[in-house]
Amino acid sequence: MASFWDRKEKPYVVLLFLLPLLWMVISLLLGCYFPDPGKALMNLSGIWASVFIVAVLSLTPIARVKTFCVISRYRRFVGLTAFFYSLFHLLVYLILFAGLSVSWILSDLVQKPYIYAGVAATVILFLLAITSTKKMMKRLGRKWKKLHQLVYLAAVCVVAHLWLQVKSDIELAVWVTVFIAPLLLLRIYQNPRYKKYFKKIS
Ligand code: HEM
């Protein structure tokens, strides 16, 4: 596969993926998120991180269809964008929510266990981001694929993160689950290790 930056359309794809961030920054500067910019940014950054997780999980099955196989060249980039929006979400939490106060974060962690699931997803995405280069792919050999299957665990953590924090409005958690659950089931179904169980059932 051609290296990451040698295709002319890549800068436009970068711009496209950065549009949500640009939109958030402009809306913030225009005062659209007041009186509670922290809450709005937390919500939107989390939603965009979820969108890119769903996108990266969808790429593998979609790229199997011959007409769409070209999109597999964006897999790494979509994954990095998911990590980027998760990191932005974390920064909004640390700066706008917690005001960088360690004691505030510690007391928040006691009250909101769903944060652990979010942190777990972010840590996994970080691991995948730092091992996504060609150099790391070569160095890790066979282990690379296994390691990168952790993206499915990250997706499970995201679903847990959303369901554990729902109060009355379950819409977002339902939407993210509706997209992620079938992609996870498809992955399990296609895994040779589990295929025999499906044969027994059918
Ligand atoms: C270090 C990791 C994370 C922390 C500390 C964190 C923390 C939080 C907190 C405190 C909220 C509630 C905000 C509020 O009260 O309005 C929240 C919401 C949210 N988080 Fe995270 N999160 C993390 C990772 C993630 C990841 C990796 C994703 C998705 C890929 C995600 C998706 C969301 C979404 C979509 C919401 C909005 C939920 C709603 O409004 O119903 N979070 N997060």
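Predicted model: local features only at pLDDT ≥ 70, side-chain atom pairs only at ≥ 80, totals over all residues.
Residues are numbered from 1 along each chain as its sequence is written, and side-chain values use heavy atoms, without hydrogens and water. Local features need pLDDT of at least 70 and side-chain atom pairs pLDDT 80 or more, while totals for chains, interfaces and linings use all residues.

The iron atom of the ligand has two protein donors, H89 (NE2) and H161 (NE2). They lie 2.0 to 2.1 Å from the iron. Donors are N, O and S atoms within 2.8 Å of the metal (3.2 Å for Na, K and Ca); water is not among the atoms, so sites may look incomplete. The six donor atoms subtend angles of 89 to 180° at the iron, so the arrangement is octahedral. Helices are DSSP runs (H or I, at least four residues), numbered from the N terminus. Both H89 and H161 are buried, that is, under 20% relative accessible area (1.4 Å probe, protein chains only).

The ligand is surrounded by 24 residues, each with a heavy atom within 4 Å of it. The closest are K39, N43, H89, T122 and H161. The side chain of N43 places an N or O atom 2.5 Å from a ligand oxygen. Helix α2 gives the most to this shell, with eight residues.

Methods:
Tetrahedral: all angles 85-135°; square planar, octahedral: opposite > 155°, others 65-115°. Buried < 20%, exposed > 50% of the residue type's maximum accessible area, 1.4 Å probe, protein only. Polar contact = N/O pair within 3.5 Å; in protein donor to acceptor, adjacent residues only side chain to side chain. Helix = DSSP H or I, 4+ residues; strand = E, 2+ residues; numbered from the N terminus.
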